[in-house]
Amino acid sequence: MDTRALNHVLTHSSDYQKSSQTRYSLSQILGEGVLIVEGAQHRQQRHIMNPAFGPAQIRALTDIFHAKAARLRDVWSSEIAKDSTGTTTLEVMSWLSRMTLDVIGLAGFNYEFDALNANEKPNELNTAFATMVAAGQRLSILPILQAWFPLFRLLPSDRVRRIQVARRTMARIGNELLSDAKSAARVNATEKGEIEKNNLDGRDLLSLLVKANMATDIPESQRLSDEDVLAQVPTFLVAGHETTSAATTWALYAMTKAPEIQTKLREELLTVDTETPSMDELMALPYLDAVVKETLRVHSPVPGTERIAMKDDVLPVEKPYTDKNGVVRDSISISKGDPIFIPILAINRSEELWGPDAARVQVRYFRLRGLPRSLTCPATDCRPERWENIPDAVSRIPGVWGHLLTFLGGPRACIGYRFSLVEMKALLFTLVRAFEFELAVPVSEIGKKTGIVQRPVLLSDAKSKPQLPLLLKPYQRT
């Protein structure tokens, strides 16, 4: 792994693009949004979308994060109240997924999924979205063949039919949301009918995107078509929902493995004298920041990605190396079509960069349902304290945030990383103040499964359903 070579690949995004197979597979779930398109089309979409993801815009969304986090806290409190012991077991990942879906509905489209209301029948957009996510999680041979051999795309399948029905539903509702956003944008037009790019009233991402796209002070060549705007709907839903719920799940998992982290974090959070701190107040909490960074280092939701060289090129390297013929070289020759793997998780856990404990596995002892057990941790331990004094070497990691590759880097770095970070911090702020968490199963039972993102599973579950059962009890302040 060479950080200089990685930096070259990530910063020359036109020369190193996603493979056609990856683009096809992802487009079946995400559509042709900013995560999928390449070249000039990506630059155009990114240029229009960037203002909607700036610090000021995310700051305005923070109260939505808090409101939905509080709603989840209240749901969990109600579940605990049903148990006379004052403790209950909850599968937290599905609940976190519902919470982040509610958030992206309101913050992304001013649309209420109401996914946290478990007593109500899911609305049709919720159902359509669930179909798309389920399709992305199921692994079978036909989708792989369809990605690599276009002829197989002609074969009918139940999976394709379900995706098509779900996409039609999402497109119809997306058109309605787009029409509403356009109408709202016209309300703020000047007497001459002009819409200024900097006059971005409203706070949901779709409204901001539409207003920026309709602004009369941008060249016509930079505008997105309605189809391009609508293509962002499934992208926002999946990328703005799955990644944050998975990352928060891994944070809770890490804190059950190391209860001292949970205790130290709670002590810091309880020093805040409001239940709804601003974005700036959240970002100023040092141990919360360290816990989030360490979680995203050890448990990056996306463990890796790939690129294909679009032309012959030469990759510079950090250190000279000797090739198989004994020749010392300071670069790597790349041919058009060569695949290049971006090892996100491996870079984040590299002992060469982070030190000898970057990928350490420990054995911890703690109580589970009152019984002492010796539990072997199957994955790297989190140590948030490392962020008090990180090695100089990590400055070479070409990531957009936190000396991590989790959100990638360069022109194709995650556009919504600020959104995800603030939402995750708001969630942890509310939940860790309210509850104490323990694993409800032996830690050796926890495995990982990678679909759209990497999520925990129970190794004893034959269906490998993503889940994380935890014991919850209310935290009692002394």
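Three strands make an open sheet in the order β2-β12-β9, with antiparallel pairing. Strands here are DSSP runs of E with at least two residues, helices are runs of H or I with at least four, and both are numbered from the N terminus. Two strands count as paired if DSSP finds at least two bridges between them. The edge strands, each pairing on one side only, are β2 (88-91) and β9 (435-439). On average, neighbouring strands of this sheet are turned by 40° against each other, direction ignored. For such angles, axes are lines fitted to C-alpha atoms, for helices over the stretch in contact, and the angles run from 0 to 180 degrees between N-to-C directions.

A word on the source. This is a predicted model, in which local features need pLDDT of at least 70 and side-chain atom pairs count only at pLDDT 80 or more, while totals for chains, interfaces and linings use all residues. Residues are numbered from 1 along each chain as its sequence is written, and side-chain values use heavy atoms, with hydrogens and water left out.

Back to the sheet. β2 and β12 (residues 469-474) run antiparallel and are joined by four bridges. Leu 90 stands opposite Leu 470 in β12. Helix α4 (residues 55-81) packs on the sheet and touches β2, β9 and β12, and its direction makes about 70° with that of β9. Contact means heavy atoms within 4.5 Å.

Next, the core. Which residues of the largest nonpolar core touch the most other members? They are Leu 72, Trp 76, Leu 237, Phe 419, Leu 428 and Leu 472, out of 129 residues. Helix α18 (residues 417-434) gives the largest share of this core, twelve residues. Such a core is a set of buried Ala, Val, Leu, Ile, Met, Phe, Trp, Tyr and Cys residues joined through side-chain atoms within 4.5 Å. Buried means under 20% relative accessible area, exposed over 50%, and partly exposed in between, with a 1.4 Å probe and protein chains only. Leaving aside neighbours within four places in sequence, Leu 428 has contacts that include Thr 248, Leu 252, Met 255 and Leu 269.

Leu 269 brings us to helix α13 (residues 259-269), where Ile 261, Gln 262, Leu 265, Arg 266, Glu 268 and Leu 269 are buried. They lie on the same side of α13 because they cover an arc of only 160° around the axis, taken from the directions from the helix axis to the C-beta atoms. These buried residues pack against α12 (242-257), α15 (286-298), α18 and β9.

Finally, the whole chain. The protein chain has 18 helices and twelve strands, and 54% of its 478 residues are buried.
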